[in-house]
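Please keep the sequence and the model at hand while reading.

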Amino acid sequence: MRGALTEPEALETLPLIHGSKSSQILLQSTGESIGLRIEPQILVNSLQAMISSAAEGLGVAVGIPLWAAAEFVQQKKLVRMLPDWKMPSSKVWILRHPGKQDSQLEKLIPFLKDIWSIKPELARLR
């Protein structure tokens with residue numbers, strides 16, 4: 001298992017997993033931002049496929065939400081590659097079909113409740 005990276009440019013040397021053929025991502029650290037062009041070697045069509053592929057060691061998944069990968073990180077099946085860097089926060093709309101269950105949504109709801117209990121100031125953003 002590869003350890004954490006410190007510089008975002010090091011991602012360019014690794015086999016990347018992403019959901020689109022090519023995209024630009026923004027990474028931020030304390031007082032610094034960098035834009036990287038992601039050219040993935042492995043294209044997948046779902047968040048779960050990105051996580052599973054990374055957990056199997058096929059490459060590095062880029063842009064995985066922490067709530068979706070929390071279980072894999074706790075089990076040490078995945079590690080954060082750039083712990084001092086993050087993608088900027090964005091507003092998230094959660095929509096679902098009223099008659100269908102979604103396992104990813106069922107993971108997200110407890111994650112949000114935990115975050116709101118740890119950082120109550122985020123609850124006002126609901």
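Serine 53 lies in helix α1, residues 47-55; helices (H or I, at least four residues) and strands (E, at least two) are DSSP runs numbered from the N terminus. The model is predicted: local features need pLDDT of at least 70, side-chain atom pairs count only at pLDDT 80 or more, and totals for chains, interfaces and linings use all residues. Residues are numbered from 1 along each chain as its sequence is written, and side-chain values use heavy atoms, with hydrogens and water left out.

- With a relative accessible area of 11%, serine 53 is buried (under 20% relative accessible area, with exposed over 50% and partly exposed in between; 1.4 Å probe, protein chains only).
- Apart from neighbours within four places in sequence, serine 53 is in contact with Ile17, Val44, Leu58 and Gly59 (contact means heavy atoms within 4.5 Å).

**Nonpolar cores**

- A nonpolar core is a set of buried Ala, Val, Leu, Ile, Met, Phe, Trp, Tyr and Cys residues joined through side-chain atoms within 4.5 Å.
- The largest such core has 14 residues, of which Leu11, Leu14, Leu16 and Leu27 touch the most other members.
- Strands β2 (23-29) and β3 (32-38) each supply at least two residues of this core, and the largest share, three residues, comes from β3.
- A second, separate core of 12 residues includes Ile17, Met50, Trp67 and Leu105.

**Helix α2**

- Trp67, Ala68, Ala69 and Phe72 are buried in helix α2, residues 66-74.
- The buried residues of α2 pack against α1 and α3 (103-118).
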